Amino acid sequence: MPIYEFECEKCGRKFEKLVFGSDDKKPQCPDCSSTEVHKMISAGSRVALKVPGGYGGNATAPSCAPGG
Ligand SMILES: [Zn+2]
């Protein structure tokens with residue numbers, strides 16, 4: 001289940017939210033109903049999360065340089 005953890009920047013409350021496919025819309029804080037939230041990095045989970053294409057987190061990749 002695609003559950004992500006968010007943290008409210010207003011009150012600092014942490015809450016989980018189910019995200020279907022894309023996370024275009026930002027969730028609302030269940031405490032202050034603020035949309036000033038940011039997604040948290042899943043810390044603790046030991047399972048390898050794999051994103052089904054699209055928005056990933058790979059910044060650097062060891063790829064062979066073409067030509068030379
Ligand atoms: Zn809040």
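My entries below go from the overall chain to the metal site, the rings and a few loop residues.

**Ground rules.** I am working with a predicted model, in which local features need pLDDT of at least 70 and side-chain atom pairs count only at pLDDT 80 or more, while totals for chains, interfaces and linings use all residues. Residues are numbered from 1 along each chain as its sequence is written, and side-chain values use heavy atoms, with hydrogens and water left out.

**Overall chain.** I began with secondary structure and found 0 helices and 3 strands, with the elements running β-β-β from the N terminus. Here helices (H or I, at least four residues) and strands (E, at least two) are DSSP runs, numbered from the N terminus. Next I looked up burial: of the 68 residues in the chain, 12% are buried. My scale is relative accessible area, with buried under 20%, exposed over 50% and partly exposed in between (1.4 Å probe, protein chains only). The accessible surface comes to about 6100 Å², and carbon and sulfur atoms hold 51% of that; the areas come from the Shrake-Rupley method with a 1.4 Å probe, and for residues only the protein chains shown count as cover. For contacts (heavy atoms within 4.5 Å), I took those between residues at least 6 apart in sequence and saw that 32% join residues at least 24 apart.

**Zinc site.** Which atoms are the protein donors of the zinc ion? I listed SG of Cys 8, Cys 11, Cys 29 and Cys 32, lying 2.3 Å from the ion. A donor is an N, O or S atom within 2.8 Å of the metal (3.2 Å for Na, K and Ca); water is not among the atoms, so sites may look incomplete. Along the chain, the donors follow the spacing C-x2-C-x17-C-x2-C. The arrangement is tetrahedral because the 4 donor atoms subtend angles of 105 to 123° around the zinc ion. For four donors, that label asks for all angles between 85 and 135 degrees. The ideal angle for four tetrahedral donors is 109.5 degrees.

**Rings.** I counted 1 aromatic pair. Phe 6 and Phe 15 form this stacked pair, 6.0 Å centre to centre with 25° between the planes. The rule takes rings of Phe, Tyr and Trp (its six-membered ring) with centres within 6.5 Å; planes under 30 degrees apart are stacked, over 60 edge-to-face and the rest tilted. Both Phe 6 and Phe 15 are buried. I then found the charged end of Lys 39 over the ring of Tyr 4, 4.3 Å from its centre; this needs NZ of Lys or CZ of Arg within 6 Å of the ring centre and within 35 degrees of the ring normal.

**Loop between S2 and S3.** Phe 20 is in the loop between strand S2 (14-18) and strand S3 (37-39), and counts as exposed at 68% relative accessibility. Phe 20 and Ile 3 are 17 residues apart in sequence, with their C-alpha atoms 8.7 Å apart.

Lys 26 has its place in that loop too and is exposed, with a relative accessible area of 53%. Leaving out residues up to four places away in sequence, Lys 26 touches Thr 35 and Val 37.

What is the phi of Ser 33? I noted a positive value of about 55°, although Ser 33 is not a glycine. Most residues other than glycine have a negative phi. Ser 33 lies in the loop between S2 and S3 and is partly exposed, at 49%.

How values were computed
Four donors count as tetrahedral if all angles lie between 85 and 135 degrees; four count as square planar and six as octahedral if opposite donors are over 155 degrees apart and all others between 65 and 115; anything else is irregular.
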